[in-house]
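Hello,

Here is the structure I promised to pass on to you. Please have it open while you read, and my notes on it follow just below.

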Amino acid sequence: MVAPATLRIDADELKSVEWTIERLADEFDTVESEAFLRAVTLASHELPVRIRAELLDFKMLEPNGALLIQGLPVDDAAIGPTPFGHGQPADEKATLWHDIAFFLFASCLGDPIGWETYQQGRLLQHVAPRPGHEADQTSTGSVTKLEWHTEEAYHPFRPEYLGLMCLRNPDNVATTLAQMADLRLSAEDLALLCQERFVIRPDEAHILRRDEVPGLAGRMTSFNRIDRMNAAPEPVALIFGAEDRPYLRVDPYYMDMPEQDEFAAAFAKLCAEIETHLQDVALQPGEILFLDNWRTVHGRKAFRARYDGRDRWLKRLSLTRDLRKSRSMRASVNGRSIG
Ligand SMILES: O=C(O)CCC(=O)C(=O)O
Ligand SMILES: [Fe+2]
């Protein structure tokens, strides 16, 4: 199986990265602003050249579907309690250093995007267990495994890359992933999977618990759009791109079984191949895992949440290579929230 590529930041590189982070931290107190996005994209050009080269190759040459960046320090006492479980919001200031680091690396791959119908359009999202959500098929679930999926598989503007930065993972709960490059599918199955015959519905993170959404009224156009995608989904192809190195989009939990036997059989083979080639990556504090969302699927093992402020805590960014393609669903030229 193809293991994720790894890139370890060395001591000299870390000094240079820290210098850039600290300069940005002097100027900004949140990563959720357009001014910060411009500044961090510019500053990403100052990253050490070896790091930029590795990220650029990951993007331009597609040598691997996953890239693990190691070597950022995390002071567990300084980052504050894991959000949600404790009933208090995260102290954004306490993780600003890491948030900036994450955006700096991510900016080498693409532009961060968010969703009007998810966490109020926030770009940097918390992945942490939430009381009452234990059995949900979302990033706030825990006792139920998060089934493997393409991120936002149903959406025409789904991200090309997904970043997961680990701040805390005391029980070594694994992120699961499978690489398209590992899958063995016959030419006949590939030909069936390339046809627009498969229905993928929106993730329930955009649908459940709508009554808890602050400012819901102002976002109803976007929520209505999600509801329409749910009620009348357009059939799509699961495999696309070049025949010899295809891309995929798939999320069985939100899919209908195709009616015709041959398509159902090809879909079942794809799922079985993915299951066979699923690997575990238990992220450690300070690690950032970048996944090519067109060449891997990912999920998470089940675990028992502690709700003691020390739970598993990742931050997540979705990145697009081409912001313009979603312009019809974004409010402004450099607005990042799609819906
Ligand atoms: O918790 C994880 O490791 C992965 C979660 C996930 O699939 C996601 O946040 O999109
Ligand atoms: Fe995901």
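A first question to get you oriented: in which strand is the place of Gly-299? Gly-299 sits in strand E12. Before I go further, please keep in mind that this is a predicted model.

**Around Gly-299**

Setting aside residues up to four places away in sequence, Gly-299 touches Lys-145, Leu-146, Glu-147, Trp-148, His-149 and Thr-176. Asp-99 is 200 residues from Gly-299 along the chain, and the C-alpha atoms of the two are separated by 22 Å.

**Ligand 1**

Gly-299 also belongs to the surroundings of ligand 1, together with Val-127, Ser-139, Leu-146, Glu-151, Leu-164, Thr-175, His-298, Arg-300, Leu-314 and Arg-316. Two elements give two or more residues to this shell, namely strand E12 (296-300) and strand E13 (313-320). E12 provides the largest share, with three residues. Sorted by class, the shell around ligand 1 holds four nonpolar, four polar and three charged residues.

**Helix H1 and its partners**

Now to the helices. Helix H1 (residues 11-27) packs with helix H2 (residues 34-43) at an angle of about 165 degrees, and their axes are 11 Å apart. H1 and H2 are therefore roughly antiparallel to each other. On the H1 side the contact is made by Thr-20, Leu-24 and Glu-27, and on the H2 side by Ala-39, Val-40 and Ala-43. Those contact residues divide into four nonpolar, one polar and one charged.

H1 meets helix H4 (residues 96-106) as well: the axes come within 9 Å and cross at roughly 115 degrees. That makes H1 and H4 roughly perpendicular to each other. In this contact H1 uses Val-17, Thr-20, Ile-21, Leu-24 and Ala-25, while H4 uses Leu-96, Trp-97, Ile-100, Ala-101 and Leu-104. By class, the contact of H1 with H4 has nine nonpolar residues, one polar residue and no charged residues. As for handedness, H1 passes H2 in a right-handed crossing, and H1 passes H4 in a right-handed crossing too.

Where does Ala-181 lie? Look in the loop between strand E7 (175-179) and helix H5 (187-193). Ala-181 has 16 other C-beta atoms within 10 Å, so it is partly exposed. Leaving out its neighbours within four places in sequence, Ala-181 is in contact with Val-2, Gly-65 and Arg-295. Arg-312 is 131 residues from Ala-181 along the chain, with 29 Å between their C-alpha atoms.

Asn-172 is worth a look for its backbone: although not a glycine, Asn-172 has a positive phi of about 50 degrees. You will find Asn-172 in the loop between strand E6 (161-168) and E7. Asn-172 counts as exposed, because it has 12 C-beta neighbours inside 10 Å.

Tyr-307, another residue other than glycine, has a positive phi near 55 degrees. Tyr-307 lies in the loop between E12 and E13. With 16 C-beta neighbours inside 10 Å, Tyr-307 counts as partly exposed.

Happy to go through any of this with you.

Best wishes

Terms used. Residues numbered from 1 in each chain as written. Chains lettered and ligands numbered in written order. Predicted model: local features only at pLDDT ≥ 70, side-chain atom pairs only at ≥ 80, totals over all residues. Axes fitted to C-alpha atoms, helices over the stretch in contact; angles between N-to-C directions. Helix = DSSP H or I, 4+ residues; strand = E, 2+ residues; numbered from the N terminus. Parallel < 35°, antiparallel > 145°, perpendicular 65-115°, else oblique. Left-handed = near helix turned anticlockwise from the far one by under 90°. Contact = placed C-beta atoms within 7 Å. Nonpolar A, V, L, I, M, F, W, Y, C, P; charged D, E, K, R; others polar. Near = placed C-beta within 6 Å. Buried ≥ 20, exposed ≤ 12 C-beta atoms within 10 Å, placed from the backbone.
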